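Biologist: I've got the sequence and the model open. Can you walk me through it, piece by piece?

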Amino acid sequence: MAWAGQYAGCSGSPTIILEAVANYDIWIWHAYFGLPGTNNDINVLEASHLFSNLAQDIAPPAHYVIQGKEYNMGYYLTDGMYSKWSTLVQTIHDSRGPKKKLFAMKQETCRKDVERAFGVLQSQFAIVVGPTRFWHKHILHDIMTTCIIMHNMIIADERDVTASIEDHMEAPTPEVEMVLDENTRFQQFLARHRGIRDKDAHIAV
């Protein structure tokens, strides 16, 4: 009861936020649970560890070319509320012209995957939806993590293993150079962090 006010978001009742990244078959690749319901998407993103591996240069390599420009970081589909970072691709509001309308439609369609993942998670595990006023926060975190693991196990078991696999180019093996100077490593970390939040790269395409 003492924490009810800070956890009561737009719904009016105390809630805890789950941030998740899901793909087309609703496999949950990333989950961050624990912030009060009064936070918005931007606050959650600032607190989560979604891009920590990327900033530390230990994320899987990604390399692709769009309109002749090379990119070396993956991206995530979001709505218009998020900040304009190079790693986030937002929909186009008030889209005009067939090209922008097609992009907005495809982006919004693919973004529904995470909404489906939330829906399936709630339908599979009633404990995620119901009141949890008698449990401590760390226990709720363990319950949510367990439900996500079991959800992914169910998705993996029900996948169509006979489905055709799209051809793709294997990413080149990154060259790792050991740097002993801590100041240099820190400057490289800051450069990667700035690259993640690069607004110019976000609006380039």
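Biologist: Start with helix 5. How many residues does helix 5 have, and how far does it reach from its first C-alpha to its last?

Modeller: Helix 5 covers residues 137-158, which is 22 residues, and reaches 32 Å. That is close to the 32 Å expected at 1.5 Å a residue. The expected span is 1.5 Å times one less than the number of residues. Helices here are DSSP runs of H or I with at least four residues, strands are runs of E with at least two, and both are numbered from the N terminus.

Biologist: Before we go on, what are the ground rules?

Modeller: This is a predicted model, so local features need pLDDT of at least 70, side-chain atom pairs count only at pLDDT 80 or more, and totals for chains, interfaces and linings use all residues. Residues are numbered from 1 along each chain as its sequence is written, and side-chain values use heavy atoms, with hydrogens and water left out.

Biologist: Fine. Which residues in helix 5 are buried?

Modeller: Leu140, Met144, Cys147, Ile148, His151, Asn152 and Ile155. Buried means under 20% relative accessible area, exposed over 50%, and partly exposed is in between, with a 1.4 Å probe and protein chains only.

Biologist: What do the buried residues pack against?

Modeller: Strand 1 (16-22), strand 2 (28-36) and helix 4 (98-124). Contact means heavy atoms within 4.5 Å.

Biologist: And which exposed residues sit on the face turned away?

Modeller: His138, Met153 and Asp157.

Biologist: What about Ile154?

Modeller: Ile154 is in helix 5 too. Ile154 is partly exposed, at 28% relative accessible area. Leaving out residues up to four places away in sequence, Ile154 touches Gln124 and Phe125.

Biologist: New topic. How many salt bridges does a search of the whole structure find?

Modeller: Two. A salt bridge is a side-chain nitrogen of Lys or Arg within 4 Å of a carboxyl oxygen of Asp or Glu.

Biologist: Take Asp57. Which residue is its partner?

Modeller: Arg192, with the closest N and O atoms 4.0 Å apart. Asp57 lies in the loop between helix 3 (52-55) and strand 3 (64-66), and Arg192 in helix 6 (residues 182-196), so the pair ties together parts 135 residues apart in sequence. Asp57 is exposed at 54%, and Arg192 is partly exposed at 22%.

Biologist: And Arg116?

Modeller: Arg116 pairs with Asp113, the closest N and O atoms being 3.1 Å apart. Both lie in helix 4, three residues apart, about one turn. Arg116 is partly exposed at 40%. Asp113 is buried at 13%.

Biologist: Zoom out. How many helices and strands does the protein have?

Modeller: Seven helices and six strands. From the N terminus, the order is α-β-β-α-α-β-β-β-β-α-α-α-α. The protein has 205 residues, and 25% of them count as buried.
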